[in-house]
Structure formats: C-alpha cells, structure tokens
Amino acid sequence: MKLTKWFPLLAASSLMLTTAVGCSNGGEQTTAKVPSAVEDNSPITIQYWHSHAEVQMPAVNYMITEFQKKYPNITVEPVFQGAYVDLHKKLQAAVAAKEVPAVTNVEVSVLPNFADSGVFADLSGYISRDKVDMNDFSKGMLQAYSYNNKQYGFPLIVSTSVMIYNKTLLDKLNVKPPQTWAEIEDFNKKVTVKESGKTTRYAFSVPGWDTWYMDPWVSNGGGAILSPDHKKTLLDQPDSLKWVQNFHKWLQDGSMHMGYGKGASDTMRQMFLEEKVAMVEHTSAVLKTYLGNAKFEVGVSFLPGDKERKSHIGGAGIVMMDGAPAKQKEAAWKFIKFMTEAENNIKWAEGTGYLPTHKSVLTTEEGKKYFEKLPQYKAVFDNFDNVVGRPQHPTYPEFSKKYMEVIGKMILENGDPVPLMKDAVKEIDAILKEG
C-alpha cells in the first residue's frame, strides 16, 4: 500500500467535500480475477459506511429493505460516518486496523488516491462475470469511478454544477441564459443593474470557494489542468488562462459576483433569492432548495461553453473494500449492483435529490413522471454524456488548493490572476513531482 500518497490526502481533503475528478487514463478496462459465483444462502452481515444526510435516509432504508427482500440471507447495516472527510479518515483507520466495512461511499475527487493505495477492490472481474451493461450508464459518470483502467466503483450520489436562473426576470427582460461564452458579454449588459456606479443586481455568480465549480471553465475554454502525462500543470498556458482572465474582467466591470470563504455559499443563495443576482452556478443537489424558497420561477441551464461544453461530476460513489473477507465481497457486489442498477435509478434519484445515472431510465414511465415534476433537470440530460470528470491525480486535493488561493486573491484583493497563476504553477509542479 502506497501510504506516502494516501496519508497526506486526508489533511488536504477537508476542503474537497464536493469536488469532482474523473475520466480514466485511457485504454481498455482490465479484467480482475474474481471467484466463480457460488450460491451460498447462509446468513451474512455486511456494513455499508456512508455520508448520506438525514433527509436522504428514508431512500437509503427503502433500498436496503428492497435489497433484503431479494437477498434475505444478506443483512446490510448502514453506518453513518459523518461528512466525506470524516468518512475518509475512518476508512484510513479501518484499513490500518484490518477491520474494514464491505461497502462504502467515497467522494469522487479522492478515489484516485485510495485506489492508488490498494484500498478498493477492482470490480472489473465482477462486471465481466455478471455481464453488467456498462453502456447504459452516463459515460462520464462511470469513468469518474475508473482509475488506471480499472473500475473501482459506480456513481451513486451524483450531482453536477449547473446555471440556476431567475426565469421570471429573464423572461421579462427577453433574455436567455448564455449557452456560449460569446453570449455572456451581451447577457451581462442586459441583466446587470448599477446605481451610482455600484452594482445592485449582478448578471451571474460563480462560486470561488471550491475548484469543482471552476474546473469546467478551464477545459471549456480549451485549456487543461494537467498535461497528458500528468507530470505538470498547464494552468499557465494561454487557453488555460482565458477563463480566469474573463472572470477578472467581469468582476472589475461589476457584472459578475464571486463568493469566497466561510458562508459564501449561503450568501450567494440568499442574493439570488433576493434578486440581487440573476443567475448562479451551483450544484444540482441544491436545486430543490432553490425551487422551494424562490418567489419567482426558477430555470436551469447547462454551463455555457466555448471550445467545448461540459460540466463535472460531483458527489460520491459506492465501492467495495479490498480487505473485506471473500464472502462479504460477494454480498457487497450484490448490494453495489442492486443500488446502482437501472430498475432502481429513478426512485433513488427522487428520494435523494441526486441525478439519475442511466440513459435507459429517461424514457420510462417513471422517468417521464420525474421530468414532469422537475423539468429543470432536462438541461442536464440534454447533455447527459457531457457530465464528465476532471483529469485524475492522487495529489489533486493538495495541488488544487494552490489555484483556489489565486481566485481568493483575485476576489478579495483585486489581484491580477495571470501572474498569480504563473506563481501557483511552480508550486503545483513541485507537488506533482513529489507525488
């Protein structure tokens, strides 16, 4: 186990509770060896360590009950382990003590580090053995839980960043949310309101408190966070700087708002509800909060694009611990497969507020009813395979803090992001070299 990479993860990951990375490193999936399926109906108990919020537990308990109807010999004990960072620390301790759960959640940005350390079981062999239809999953969502050509998990608690907008206001102004970067300038001019030189209504807001929200802007502009060999960062290259140069310009002209630091998320949300900002980039996981509190009609648009148009996966997946006993692993695989299969996907999404992960469910009767209730999600599923992950690296939680600090200085000190980013690149490259 590569503990030198694994242990620093936990100190860094406290800031990465909702970030996302993804995309396997290319090539065909490898096939891991697994025992032949043997029907063993003797009783067995497995633990499922999780970070589900209390509001999601009715859905979790429903799924476990339905699973145990299908497999009455398998008892699943859900064990809440706190927020993702707390769960990750407890997993570390469990591995050290050689007393691991069979199944656990893992926040998507840290999967490479745990996988690189040999903590999670490669599910490729199980997938091949049971002929699981992998093509039915959203490609990007699935790849986020693949690393070094091995499938370590499946998407379960899935969100993505979207543009949530005041549809009542934009309809009144006869303005549409921008679909391309080229449309943003005109959108800003028509929506921003200033009084005595001070902005009283911002056109839009992008979070500055988490790189998950910024990363798609890098790649959508034609840039990249990492070089193809992952040995250095490309954040100082012209195409990789376009996003932050635009952000700086829009911040200076008063058309864009960015929050940074403690309480920034609540502040942005309140500004939107008070109509002080017309559109916000936020996680799809909080859409119901906006719908339930806004006094106006709320719309959702996919992130605007330039060279490409993608958004990034957030949330957590479900994985098997490699250190679990063989019989527990077989039960764990059955549970993972049940929790993520298409038949249960819409009910799970409705119960938790997260996104469906299967293409086939979108046109089912349940799927149609889902979109009737929440038509705002159509913007995501019109771009289903464009919900992807970022280039994976075990030191992502550590090095991403460096360019988030650049954003903080730009927001709080009106710093020029270009020289700041070039300085940050030196620190990031040093981290990558050590990692």
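Reader: How do helices H10 and H18 lie to each other in this model?
Author: The model is predicted, with local features needing pLDDT of at least 70 and side-chain atom pairs pLDDT 80 or more, while totals for chains, interfaces and linings use all residues. Residues are numbered from 1 along each chain as its sequence is written, and side-chain values use heavy atoms, without hydrogens and water. The axes of H10 (residues 238–252) and H18 (residues 417–434), which are lines fitted to C-alpha atoms over the stretch in contact, come within 10 Å and cross at roughly 140°. On a scale from 0 to 180 degrees between N-to-C directions, where under 35 is roughly parallel, over 145 roughly antiparallel, 65 to 115 roughly perpendicular and the rest oblique, H10 and H18 are therefore oblique.

Reader: Which residues of H18 make the contact with H10?
Author: Contact means heavy atoms within 4.5 Å, and on the H10 side it is made by Leu241, Trp243, Val244, Gln245 and His248. Facing them, the residues that H18 brings to this contact are Pro417, Val418, Met421 and Lys422.

Reader: How many strands does the protein have?
Author: Helices (H or I, at least four residues) and strands (E, at least two) are DSSP runs numbered from the N terminus. Counted in this way, the protein has 18 helices, and its strands number 14.

Reader: What is the radius of gyration of the protein?
Author: The C-alpha atoms fill a box of roughly 75 × 50 × 35 Å along the principal axes. For 435 residues the globule rule gives 22 Å, and the protein comes close to this, so it is as compact as a globular protein of that length, with a radius of gyration of 22 Å.

How values were computed: The radius of gyration is taken over C-alpha atoms; the globule rule is 2.2 Å times the number of residues to the power 0.38.
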